[in-house]
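Please look at the structure below before reading on. The numbered points that follow are meant to be read with the model open beside them.

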Amino acid sequence: MAYVRKPKVDKSGRTSAGILLWRKRKGRLEVLLGHPGGPYFAGKDADHWTVLKGEVEPEEDLLAVARREFTEETGHQLADGPLIELGDIRQKSGKLVLAWAVEADLDPETVVSNSFEMEWPPRSGRVREFPEIDRVAWFDLRAARVRIKAAQAPFLDRFERTVGEEPVA
């Protein structure tokens with residue numbers, strides 16, 4: 001597929017809230033990240049994965065939005081459990097993103113994301129449907145730092161400081 005540059009959109013003034021799911025495997029921390037769906041992200045890996053998140057409308061509860069978006073983007077209800085507040089970051093687009101970490105397990109093969117429609121190819125007049133998140137995967141913290149959007153990497157740092165990394169047994 002030919003490379004098509006994604007149009008720049010000023011998202012300053014917008015806010016998203018999301019969930020960083022985590023688990024321990026073989027004495028190591030792992031986090032679940034989502035890969036954005038759609039043609040602009042096809043074939044992209046490093047610096048493109050994200051915390052599962054969505055936009056907050058005025059007057060909405062931030063944590064309620066984070067939980068809702070997790071469900072919409074995975075097809076699974078978020079497990080009840082202690083929440084670790086990871087604070088906020090500002091992405092290059094200007095969007096403010098807040099996140100919480102929750103310990104739970106999830107089989108990536110069972111994830112089904114909601115979808116969006118867009119004209120594709122551009123100026124073709126054809127509208128196609130794409131998943132918001134085309135896949136999710138578990139990553140140890142080192143691999144997650146390579147894949148997550150650079151602006152969201154502080155979430156991983158804050159998470160690691162709070163939970164701590166255990167040595168491999």
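1. Start with a hairpin. Strands E4 and E5 form it, with five residues between them. One of the turn residues, Gly-94, has a positive phi of about 100°. The model is a predicted one, and the values in this note are computed from it.

2. As one example of a facing pair, Leu-83 has Val-102 in E5 as its bridge partner.

3. E5 also pairs with strand E1 (residues 15-25), this time in the parallel sense, over eight bridges. In this pairing, Ile-19 stands opposite Trp-100 in E5.

4. How many of the eight residues of strand E5 are buried? Seven are, so this strand, residues 96-103, is largely enclosed by the rest of the structure.

5. For the overall layout, count three helices and eight strands. Along the sequence they follow the pattern β-β-β-α-β-β-β-β-β-α-α. The protein has 169 residues, of which 40% count as buried. It exposes about 9,400 Å², and carbon and sulfur atoms supply 49% of that area.

6. Contacts across the sequence deserve a point of their own. Take the contacts between residues at least 6 apart in sequence: 68% of them join residues at least 24 apart.

7. The structure holds four aromatic pairs. In one of them, the ring centres of Tyr-40 and Trp-120 are 5.4 Å apart and the planes stand at 80°, so the pair is edge-to-face. The cut-off behind that label is an angle over 60 degrees between the planes. Tyr-40 sits in the loop between strand E2 (28-36) and strand E3 (52-55), while Trp-120 sits in the loop between strand E6 (115-119) and strand E7 (127-131); the pair therefore ties together parts that are 80 residues apart in sequence. Tyr-40 is buried at a relative accessible area of 14%, and Trp-120 is buried at 8%.

8. A second aromatic pair is made by Trp-49 and Phe-139. Their ring centres lie 5.0 Å apart with the planes at 85°, so this pair is edge-to-face as well. Trp-49 is in the loop between E2 and E3 and Phe-139 is in strand E8 (residues 133-140), so parts that are 90 residues apart in sequence are tied together. Both Trp-49 and Phe-139 are buried.

9. Turn now to charged side chains. Side chains of opposite charge can pair when their charged atoms come close. The structure holds 12 salt bridges. One of them joins the side chains of Arg-23 and Asp-105, at 2.7 Å from N to O. Arg-23 belongs to strand E1 and Asp-105 to the loop between E5 and E6, so the pair ties together parts that are 82 residues apart in sequence.

10. Are Arg-23 and Asp-105 buried or partly exposed? Arg-23 has 14% relative accessibility and counts as buried, because buried means under 20%. Asp-105, at 44%, counts as partly exposed.

11. Asp-105 forms a salt bridge with Arg-25 too, and here the closest N and O atoms are 2.5 Å apart. Arg-25 is in strand E1 and Asp-105 in the loop between E5 and E6, so this pair ties together parts that are 80 residues apart in sequence. Arg-25 counts as partly exposed, at 35% relative accessibility. Arg-23, Arg-25 and Asp-105 are linked with Glu-30 in a network of salt bridges.

12. Arg-145 lies in helix H2 (residues 141-147) and Glu-160 in helix H3 (residues 153-163), 15 residues apart. Arg-145 counts as partly exposed at 31% relative accessibility, and Glu-160 is partly exposed with a relative accessible area of 25%.

Note on methods
Residues numbered from 1 in each chain as written. Predicted model: local features only at pLDDT ≥ 70, side-chain atom pairs only at ≥ 80, totals over all residues. Heavy atoms only, no water. Phe/Tyr/Trp six-rings, centres within 6.5 Å; stacked < 30°, edge-to-face > 60°. Helix = DSSP H or I, 4+ residues; strand = E, 2+ residues; numbered from the N terminus. Buried < 20%, exposed > 50% of the residue type's maximum accessible area, 1.4 Å probe, protein only. Pairing = 2+ DSSP bridges. Contact = heavy atoms within 4.5 Å. Areas by Shrake-Rupley, 256 points an atom, 1.4 Å probe, with all protein chains shown as cover. Salt bridge = Lys/Arg side-chain N within 4 Å of Asp/Glu carboxyl O.
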